[in-house]
Amino acid sequence: MKPYNLDHVAIAVHDLDAALDEYARLYGIVPLHREVVEEQGVEEAMLAVGGSFIQLLQPLAADTPVGQFLARKGEGLHHVALAVDDIEGALGHLRAEGARLIDEEPRIGGRGTRIAFVHPKQTTGTLIELVEPPED
Ligand code: CO
């Protein structure tokens, strides 16, 4: 398993519109993509920077994972996402290495991707997301 790109870093925010205004004003970055991902309980915006993205996440409700994260830690880095071209193979490798998987099977993410999360415990306290982009 070898990730081929840093797909995105995800930042949890209370107010997506306010955060997008700030990124536009301070850094001149505007979102390429914005969508509600009900399955993850978030509205997300993707801001392209070179070949990677900053993903801003606003929870849809307080009792979602990102809502609970915000209540516990406040705004800030939520996860780092690595692009892989074979997500099942990557999960099999991690399982064999004893990594604690949050998702045993890939699920659907934004932009038609397939994603899976790895518990922060074995990854330097940082939640890791594997992303397999859609075939285009
Ligand atoms: Co993500």
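Start by selecting Arg95, which is partly exposed at 39% relative accessibility. The model is a predicted one.

Arg34 has 36% relative accessibility and counts as partly exposed.

Now go to Glu88 and Arg114, a salt bridge whose closest N and O atoms are 2.5 Å apart. Glu88 sits in helix α3 (residues 87–96) and Arg114 in strand β7 (residues 114–118), so the pair ties together parts that are 26 residues apart in sequence. Glu88 is partly exposed at 40% relative accessible area, and Arg114 is partly exposed at 27%. The count of salt bridges comes to 7.

Finally, select the cobalt ion. His8 (NE2), Gln55 (OE1), His79 (NE2) and Glu129 (OE) coordinate it at 2.1 to 2.4 Å. Along the chain, the donors follow the spacing H-x46-Q-x23-H-x49-E. Gln55 belongs to strand β4 (residues 52–59) and Glu129 to strand β8 (residues 128–132), so this pair ties together parts that are 74 residues apart in sequence. Gln55 and Glu129 are both buried.

The 4 donor atoms subtend 79 to 169 degrees, which makes the arrangement irregular. For a tetrahedral label, all angles would have to lie between 85 and 135 degrees.

Key
Residues numbered from 1 in each chain as written. Predicted model: local features only at pLDDT ≥ 70, side-chain atom pairs only at ≥ 80, totals over all residues. Heavy atoms only, no water. Donors = N, O, S within 2.8 Å, 3.2 Å for Na, K, Ca; no water. Tetrahedral: all angles 85-135°; square planar, octahedral: opposite > 155°, others 65-115°. Helix = DSSP H or I, 4+ residues; strand = E, 2+ residues; numbered from the N terminus. Buried < 20%, exposed > 50% of the residue type's maximum accessible area, 1.4 Å probe, protein only. Salt bridge = Lys/Arg side-chain N within 4 Å of Asp/Glu carboxyl O.
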